[in-house]
Amino acid sequence: MSAEQRKVAVLGGGSFGTVIANIMAEKGIQVAQWMRNKDRADEINQQHTNSRYLPDYPLSPALTATTDIESAVVGAELVFVAIPSQSFRSVVHQIKHIVTEQQCVISTTKGIEGETFSLMSQILKDELPQANVGVLSGPNLAKEVAQHQLTATVIASNHEPLRAAVQDALQQSYFRVYASSDTYGVELGGTLKNIYAIAAGLSAALGMGENTKSMLLTRSLAEMSRFAVSMGANPMTFLGLAGVGDLIVTCMSSLSRNYRVGFALGSGISLDEAVKSLGEVAEGVNTIRIIKEKADEMDIYMPLVAGLYEIVFNGAHVKEVAKALMTSEQSTDVEFVLPRTTV
């Protein structure tokens, strides 16, 4: 099937949804981007910009936006869902009666539904049992992709034709798509790294040094993989783009929403003010609470999450939490080489 004959839907009008819609429109694929806001849809159709989320970045004139979710999804080979986790299920539920078993539905959302501890792929399977499901994740800062800076991502699914179709649709000279069958691991990597980006922003605001940054990144990776493996993921996934790759970019870039929230907190700004000034959803804030509760329930050792929880939600002082972390029980470096209980 030629690019012109293909139809793809992107649900969501935020920065990343707009970016991937634009990638495919630039290739000549027929893309319908659904969003709730009519004014924003009109702006994309008439001015070829999304000034709220991607100011100053021109979009392909071929990209079409709509507020009619049914017209966007019907007949689409691929349906990308780029909706914040809090609204994810309600939006997907709207297309339950439309999606067919021939369609592939791919989540790009990096978050967890708190009430059920469901990842977005699990919500897709709950709501759309007839569809083929995948997850797209990786170090993909939307503004850099919009600038056509070299970027790579991962499409994870047990359905090989879905992986191949997504690779074909999104592959560009500046955007490379790798494949994985570890859907749960790829999705957990993209979700968990948001927590540690907040920690990185905090440490940067407090002027902590390069040694601290290095320690924070590597211990974050250990903590992420420990939790994910406890949940059934493959630890090797965390050595790739969706693990260490996404962790590095999110923890080291001021373009990261969660990093900016952490930096604001470290600068003395309240959590409510930090989130409000962002103007976008920072999934990591809610994820801290959800993961802390799950780690406590399953008795998974996550000292960074526990410390961040105290800082963000209980007003603990960063220096006191850091001191507690540095004086806690010393463990092994890489527990998949030497178990944590063996020192």
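This is a predicted model: local features need pLDDT of at least 70, side-chain atom pairs count only at pLDDT 80 or more; totals for chains, interfaces and linings use all residues.

Tutor: The discussion below moves from helix packing to cores, cysteines, backbone angles and individual residues.

Student: At what angle do H8 and H13 pack?

Tutor: Helix H8 (residues 183-205) packs with helix H13 (residues 283-298) at about 105°, and their axes are 8 Å apart. H8 is therefore roughly perpendicular to H13. Angles of 65 to 115 degrees count as roughly perpendicular, under 35 as roughly parallel, over 145 as roughly antiparallel and the rest as oblique. Axes are lines fitted to C-alpha atoms, for helices over the stretch in contact, with angles from 0 to 180 degrees between N-to-C directions. Helices (H or I, at least four residues) and strands (E, at least two) are DSSP runs numbered from the N terminus.

Student: Which residues of H8 and H13 meet?

Tutor: From H8 come Thr191, Leu192, Asn194, Ile195 and Ile198, and they meet Glu283, Gly284, Val285, Thr287, Ile288 and Ile291 of H13. The contact of H8 with H13 (contact means heavy atoms within 4.5 Å) has six nonpolar, four polar and one charged residues. In this classification Ala, Val, Leu, Ile, Met, Phe, Trp, Tyr, Cys and Pro are nonpolar, Asp, Glu, Lys and Arg are charged, and the others, Gly among them, are polar.

Student: On to the cores. Which residues touch the most other members of the largest nonpolar core?

Tutor: They are Leu188, Tyr196, Phe227 and Ile291, in a core of 45 residues. Two or more residues each come from H8, helix H9 (210-230), helix H10 (241-252), helix H11 (257-266), helix H12 (271-278), H13, helix H14 (303-314) and helix H15 (318-326). H8 gives the largest share, 10 residues. A nonpolar core is a set of buried Ala, Val, Leu, Ile, Met, Phe, Trp, Tyr and Cys residues joined through side-chain atoms within 4.5 Å. Buried means under 20% relative accessible area, exposed over 50%, and partly exposed in between (1.4 Å probe, protein chains only).

Student: And what is Tyr196 in contact with?

Tutor: Beyond its neighbours within four places in sequence, Tyr196 contacts Ser220, Glu223, Met224, Leu247, Cys251, Met302, Leu304 and Val305. There is also a second, separate core of 35 residues, including Val10, Ile29, Ile106 and Val166.

Student: Cys251 came up there. How many disulfides does the structure hold?

Tutor: It holds zero disulfides, a disulfide being a pair of cysteine sulfur atoms within 2.5 Å. Cys251 is buried, at 8% relative accessible area. Cys104 is also buried, with a value of 8%.

Student: Switching to the backbone: what is the phi of His48, and where does His48 lie?

Tutor: His48 has a positive phi of about 60° although it is not a glycine. Most residues other than glycine have a negative phi. His48 lies in the loop between helix H2 (38-47) and strand S3 (64-66), and is partly exposed at 22% relative accessibility. Asp56 is placed in the loop between H2 and S3, with a positive phi near 75°. Asp56 is exposed, at 78% relative accessibility.

Student: Is Ile44 buried or exposed, and what does Ile44 touch?

Tutor: Ile44, in helix H2, is buried at 0% relative accessibility. Not counting residues up to four places away in sequence, Ile44 touches Gln33, Met35, Thr49, Asn50, Leu59, Leu63 and Ala65.

Student: How far apart in space are Val92 and Leu124?

Tutor: Their C-alpha atoms are 7.1 Å apart, and 32 residues separate them in sequence. Val92, in helix H4 (residues 85-94), is buried with a relative accessible area of 0%. Val92 touches Val81, Leu124, Glu127 and Leu128, residues up to four places away in sequence not being counted.

Definitions and conventions:
Residues are numbered from 1 along each chain as its sequence is written. Side-chain values use heavy atoms; hydrogens and water are left out.
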